[in-house]
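Please brief me on this model.

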Amino acid sequence: MTSRVLLADDSPHAQRMGERILREEGFEVVSVTDGETALLRLADVDPDLILADVFLPSKSGYEICQYVKQSAAHRHAAVVLIAGL
């Protein structure tokens, strides 16, 4: 079974690099560009890992993490907050 990663980053460059690296390591990757979309995609992606930019539009990486850890359906997912600064 392939592990799924939800990559939430508004930088096209960071998305391309993240996708390439993760796919080369055998992960299935779904990318989104804002926090609201990340939350909407949780149900259909059911990720094992969420990589979320701290400074996303609409919902921050912190808000995504808080939501995931309070959600019975998604709290199993690891969340890693990233910042490009």
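The briefing below goes topic by topic.

This is a predicted model: local features need pLDDT of at least 70, side-chain atom pairs count only at pLDDT 80 or more, and totals for chains, interfaces and linings use all residues. Residues are numbered from 1 along each chain as its sequence is written, and side-chain values use heavy atoms, with hydrogens and water left out. Helices (H or I, at least four residues) and strands (E, at least two) are DSSP runs, numbered from the N terminus.

**Strand pairing and crossover**

- Strands β3 (residues 49-53) and β4 (residues 78-82) run parallel and are joined by 5 bridges. Two strands count as paired if DSSP finds at least two bridges between them.
- L49 has A78 in β4 as its bridge partner.
- Between β3 and β4 the chain passes through helix α3 (residues 61-70), and this β-α-β crossover is right-handed. Right-handed means that, with the strands pointing away from the viewer, the path from the first strand over the helix to the second runs clockwise.

**Helix α1**

- Helix α1 spans residues 12-24. It has 13 residues and reaches 18 Å from its first C-alpha to its last, close to the 18 Å expected at 1.5 Å a residue. The expected span is 1.5 Å times one less than the number of residues.
- Q15, G18, E19 and L22 are the buried residues of α1. They cover an arc of only 100° around the axis, so they sit on the same side of α1. The arc is that of the directions from the helix axis to the C-beta atoms.
- Buried means under 20% relative accessible area, exposed over 50%, and partly exposed in between (1.4 Å probe, protein chains only).
- The cover over the buried residues of α1 includes β1, β2 and β3. Contact here means heavy atoms within 4.5 Å.
- Exposed residues R16 and E24 lie on the face of α1 turned away from its buried side.

**Helix α2**

- Helix α2 covers residues 35-45. Its buried residues are G35, A38, L39, L42 and V45. Seen down the axis of α2, these fall within an arc of 135°, so they line one face of the helix.
- That buried set packs against β1, β2, β3 and α3.
- On the face of α2 turned away from the buried side, L40 and A43 are exposed.

**Salt bridges**

- The model has 4 salt bridges. The rule asks for a side-chain nitrogen of Lys or Arg within 4 Å of a carboxyl oxygen of Asp or Glu.
- One of them pairs R4 with E28, with the closest N and O atoms 3.4 Å apart. This pair links distant parts of the chain: R4 is in strand β1 (residues 4-8), E28 is in strand β2 (residues 28-32), and they are 24 residues apart. R4 is partly exposed because its relative accessibility is 27%. E28 is also partly exposed, at 36%.
- Another joins E19 and R23 (3.7 Å, N to O). The two are 4 residues apart in α1, which means a separation of about one helical turn. E19 is among the buried residues of α1, whereas R23 is partly exposed at 44% relative accessibility.
- D44 and R41 form a salt bridge as well, with closest N and O atoms 2.9 Å apart. They lie 3 residues apart in α2, so about one helical turn separates them. D44 is partly exposed at 48% relative accessibility. R41 is partly exposed at 29%.

**Loop residues**

- P57 sits in the loop between β3 and α3. Its relative accessibility is 37%, so P57 counts as partly exposed.
- P57 and G35 are 22 residues apart along the chain, and their C-alpha atoms are separated by 6.1 Å. Neighbours within four places in sequence aside, P57 is in contact with D10, T33, D34, G35 and E36.
- H74 sits in the loop between α3 and β4. H74 counts as buried because its relative accessibility is 10%.
- Leaving aside neighbours within four places in sequence, H74 is in contact with L42, A43, D46, Y67 and V68. Of these residues, L42 is buried in α2, whereas A43 is exposed on the face turned away from the buried side of α2.
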